[in-house]
Amino acid sequence: MVFQAAYLSAAHSHLSDTDVRDILLASKRNNAPAGISGMLLLIDQVFFQVLEGDKAAVEATLARIARDPRHSGIIHVLAAERPEPHFPDWSMGFEKFVYREAGVPTPDAAPFDIADITRNPSVSALAGKAPELISFMRALYRGRDMRGAPVLDRTA
């Protein structure tokens, strides 16, 4: 069994590509030795992250992430045991999506409305989006034949 946790948070309004690169490099440096795998989505200014591994290691990582000033408003949407990890070969996969205009899908648009997630005040409703987001992330993972995360400089 593996423990899986997921959360949403609001990226700092001045988050740069360099900040994102630093987050990913630190994730890879810290996660692999701790036996943690996962994936991070940045959709406009919203983070959605899934972490998997030993429960104590994942919870310690979540506590460290909560102290990071590059985001705020963390909403935990999933904490559960699974028979196996979704992202076993990634210390931290990453995808970035940007909507150029509200309601107009771009080639990199996610198959759900991120505005619905960020405007919804109900944590239980947000938790209901977690399986859909994880399924989307898993499709990205499989689409890369599980060889590894994409390059860090990707922009939409």
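Predicted model: local features only at pLDDT ≥ 70, side-chain atom pairs only at ≥ 80, totals over all residues.

Tutor: Happy to! Helices (H or I, at least four residues) and strands (E, at least two) are DSSP runs, numbered from the N terminus. Residues are numbered from 1 along each chain as its sequence is written, and side-chain values use heavy atoms, with hydrogens and water left out.

Student: Okay, what span should α1 have, and how far apart are its end C-alpha atoms?

Tutor: The expected span of a helix is 1.5 Å times one less than its number of residues. For the 18 residues of α1 that should give 26 Å, and the end C-alpha atoms are 26 Å apart, so the two agree.

Student: Which residues of α1 are buried?

Tutor: Val20, Ile23, Leu24, Ala26, Ser27 and Asn31. Buried means under 20% relative accessible area, exposed over 50%, and partly exposed in between, with a 1.4 Å probe and protein chains only.

Student: And what covers them?

Tutor: The cover includes β2, β3, α2 and β5. Contact here means heavy atoms within 4.5 Å.

Student: Switching to the sheet: what's the strand order?

Tutor: β4-β1-β3-β2-β5, five strands in an open sheet with mixed pairing. β4 and β5 are the edge strands, each pairing on one side only. The twist averages 10 degrees from one strand to the next. Two strands count as paired if DSSP finds at least two bridges between them.

Student: Which helix packs on that sheet, touching β1, β3 and β4?

Tutor: That's α2, and its direction makes about 155 degrees with that of β3. For such angles, axes are lines fitted to C-alpha atoms, for helices over the stretch in contact, and angles run from 0 to 180 degrees between N-to-C directions.

Student: How many bridges does β1 make with β4, and in which sense?

Tutor: Nine, in the antiparallel sense. β1 (residues 2-11) also pairs antiparallel with β3 (residues 46-53), over eight bridges.

Student: Is β1 enclosed or open, then?

Tutor: Largely enclosed by the rest of the structure, because nine of its 10 residues are buried.

Student: What about β2, how many of its residues are buried?

Tutor: Seven of seven. Ser37, Met39, Leu41 and Ile43 point one way, Gly38, Leu40 and Leu42 the other, and all are buried. In a regular strand the side chains alternate between the two faces of the sheet.

Student: And which strands does it pair with?

Tutor: β2 runs antiparallel to β3, joined by seven bridges, and parallel to β5, joined by five. For examples, serine 37 bridges to glutamate 52 in β3, and leucine 40 has phenylalanine 94 in β5 as its bridge partner. The hairpin of β2 and β3 has two residues between the strands, and aspartate 44 takes a positive phi near 50 degrees there.

Student: Nice. Which residues touch the most other members of the largest nonpolar core?

Tutor: Leu15, Leu40, Leu42, Phe47, Leu51 and Val58, out of 19 residues in that core. Two or more residues each come from β1, α1 (17-34), β2 (37-43), β3 and α2 (55-66). A second, separate core of 18 residues includes Ala6, Phe87, Phe97 and Leu140. A nonpolar core is a set of buried Ala, Val, Leu, Ile, Met, Phe, Trp, Tyr and Cys residues joined through side-chain atoms within 4.5 Å.

Student: What does leucine 51 contact, leaving aside neighbours within four places in sequence?

Tutor: Quite a list, including Phe3, Ala5, Asn31, Val58, Leu62 and Met92.

Student: Last topic: how many aromatic pairs are there?

Tutor: One. The rings of phenylalanine 87 and tryptophan 90 have centres 6.4 Å apart and planes at 10 degrees, so they are stacked. Rings of Phe, Tyr and Trp (its six-membered ring) pair if their centres lie within 6.5 Å; planes under 30 degrees apart count as stacked, over 60 as edge-to-face and the rest as tilted.

Student: Are those two buried or exposed?

Tutor: Phenylalanine 87 is buried, at 0% relative accessible area, and tryptophan 90 is buried too, at 2%.
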